[in-house]
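Here's a quick tour for anyone opening this one up for the first time. Take a look at the sequence and the fold, then read on.

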Amino acid sequence: MNRSFNLKKIKDIPEWDVLVIGGGATGLGCAVEAATRGYKTLLLEQHDFAKGTSSRSTKLVHGGVRYLAQGDVSLVLEALKERGLLKQNAPHLVKNQSFIIPNYDWWGGPFYTLGLKVYDMMSGKLGLGPSEHISTEEVTKAIPNLKKKGLNGGVIYYDGQFDDSRLAINLAQTLEDNHGTAINYLKVTGLLKDNFGFINGVNAVDAFTEEEFRLKAKVVINATGVFADEIIQMDAPETRRTIVPSQGVHIVLDKKFLQGDSAIMIPRTSDGRVLFAVPWHGKVVVGTTDTEMDKVTLEPRALPEEIDFILNTAGKYLTYQPKKEDVLSVFAGLRPLAAPDENEKTKEISRSHKITVSPSGLVNIIGGKWTTYRKMGEDTIDKAVLIAGLEEKPSVTANMPIHGYIMNHQSTEFPNNYGSDLQKIKLLIAENHSLAERLSPKYPFLKAEVVWAVREEMALQVEDFLARRIRLLLLDARESIKVAPVVAKVMAKELNKRRNWQKEQVESYTNLAKGYLLD
Ligand SMILES: Cc1cc2nc3c(=O)[nH]c(=O)nc-3n(C[C@H](O)[C@H](O)[C@H](O)COP(=O)(O)OP(=O)(O)OC[C@H]3O[C@@H](n4cnc5c(N)ncnc54)[C@H](O)[C@@H]3O)c2cc1C
């Protein structure tokens, strides 16, 4: 992936078949779907890939036990199928994760065992392991620091776990591997229309140089998540809002708070939500909340009451009560939920996706989940093909390996998120041994990863690397601030930037990362 090359390329292409706005899970899913069917495809992202919600999820590839409880059977069926396909197509990023529901009521055991047996049945051949009721001893053996008072056994079940922004980067690479074009930091600022009022392209602006581009396309897809209404209103300013942003917050704690390999799932907290505590990259991610918001932003911030809720609820189940000073990082994301009917609460709105087409031909895809990104792409491109009058071609993504795919991936070697690219990172080190140096004495991230991210993954700013190429911002925000200067130095050399650039990058990264700390 080379941004300068792509910027030159888009000047030479008179018209794209499909132009996708938004470089999160949904946009990348649409663009990969279009390119792999053989359509000339361009994806534009205003900031970095997965800067929005797609780097801020709970990191689960799941059918959604909760949606089963809500009776949303079709969503669960679809998500379970997609969970299996994603595990099959990106085994280097998706792993099998055991979850334990601890029971503190007499009825919890039989109730959740039955429900999860249904969940297993619904996953069919793509199931990840059988759910079963387990004894109190088995629960405490699996999670030694779970509160034992009143514990009455539990239920173990299996779902997938992944690295969300790494998958986004690998999807952008898959897009390019299939002759598509992806460009970050290129914001769509307007829609172009023909004499009949039909959309036939976009205006876009380079975030670094302010250069303007007029890009023609047979169909334009709006896959901008919580920003969808901004694009819809560029087309028709009077349109009523279609999105309700709902904020979800996670905190990240040291692994001592959740010993063992299993995750905890609390199906019903005091206020009717679901709480997860999931091991992730050697830490524990705990969340989440569901708070309806009025405004959308690329950097949402946790509200004090959301932090208190997570800390207090986790403290009810864990023997070590986590406190604010234990939080290594806190991150918030906005769910792009389709606007509800009157009186519907955000936690009750279906997580299914919705595709709409405006009278001027803008194709909007809203809602959905990371897990179902591929199916969302498939459905959206089916619709876009009709709108653009493109030749119909079958989808090939269901059984298509994603960039980095390795058969039977089981590597625990670090860095182990890169799949087949790991060998190429090792080659960089073989050429220049200094790249084997660690960025931090506390974490195994290497200088070679910085070089790799700039050369091959379109990382352009220190934040791109620390937040989304590796996940240090989310794993330990304070330590990420400490390593920012060395990352800036390696990036500056690769990008041919001056010393001043390094200083500005470190300053702006430090300001951003402070927003992920509680004090
Ligand atoms: C707290 C939380 C936890 C979640 N957990 C899970 C989970 O565990 N598993 C799961 O399957 N799903 C989960 N989800 C849902 C999932 O994360 C989202 O459905 C998904 O990431 C949405 O992706 P998106 O591409 O639609 O939006 P985004 O990721 O927000 O992408 C939209 C992109 O459009 C770009 N954009 C906006 N305007 C423009 C413009 N004018 N020009 C160019 N680009 C533009 C933005 O910069 C952004 O990058 C969770 C969601 C939240 C909030």
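This is a predicted model: local features need pLDDT of at least 70, side-chain atom pairs count only at pLDDT 80 or more; totals for chains, interfaces and linings use all residues.

A crossing of two helices counts as right-handed if the near helix is turned clockwise from the far one by less than a right angle, and as left-handed if it is turned anticlockwise.

- As for handedness, helix 2 makes a right-handed crossing with helix 10.
- On the helix 2 side, the contact takes in A25, T26, G29, C30, V32, E33 and A34; facing them from helix 10 are Y373, R374, M376, G377, E378, T380 and I381.
- Sort the residues of this contact by class and you get seven nonpolar, four polar and three charged.

**Strand 10 and its partners**

- Strand 10 (residues 212-222) pairs with strand 1 (residues 16-21) in the parallel sense, over five bridges.
- One spot to look at in that pairing is V18, whose bridge partner in strand 10 is V219.
- With strand 9 (residues 199-206), strand 10 pairs in the antiparallel sense, again over five bridges, and F213 in strand 10 stands opposite A204.
- Strands 9 and 10 make a hairpin, with five residues between them. In its turn, E210 has a positive phi of about 65 degrees.
- Strand 18 (residues 363-367) pairs with strand 10 in the parallel sense over two bridges, and V363 in strand 18 is the bridge partner of I221.

**Around the ligand**

- The ligand is surrounded by 39 residues, and the closest are G22, G24, G52, G225 and G248.
- Helix 2, strand 8 (186-193) and strand 16 (329-338) are the elements that give two or more residues to this shell.
- Which element gives the most to the shell around the ligand? That's strand 16, with four residues.
- By class, the shell holds 12 nonpolar, 20 polar and seven charged residues.

Conventions
Residues are numbered from 1 along each chain as its sequence is written. Two residues are in contact if their C-beta atoms, placed from the backbone, lie within 7 Å. Ala, Val, Leu, Ile, Met, Phe, Trp, Tyr, Cys and Pro count as nonpolar, Asp, Glu, Lys and Arg as charged, and the others, Gly among them, as polar. Two strands pair if DSSP finds at least two bridges between them. A residue is near a molecule or strand if its C-beta atom, placed from the backbone, lies within 6 Å of it.
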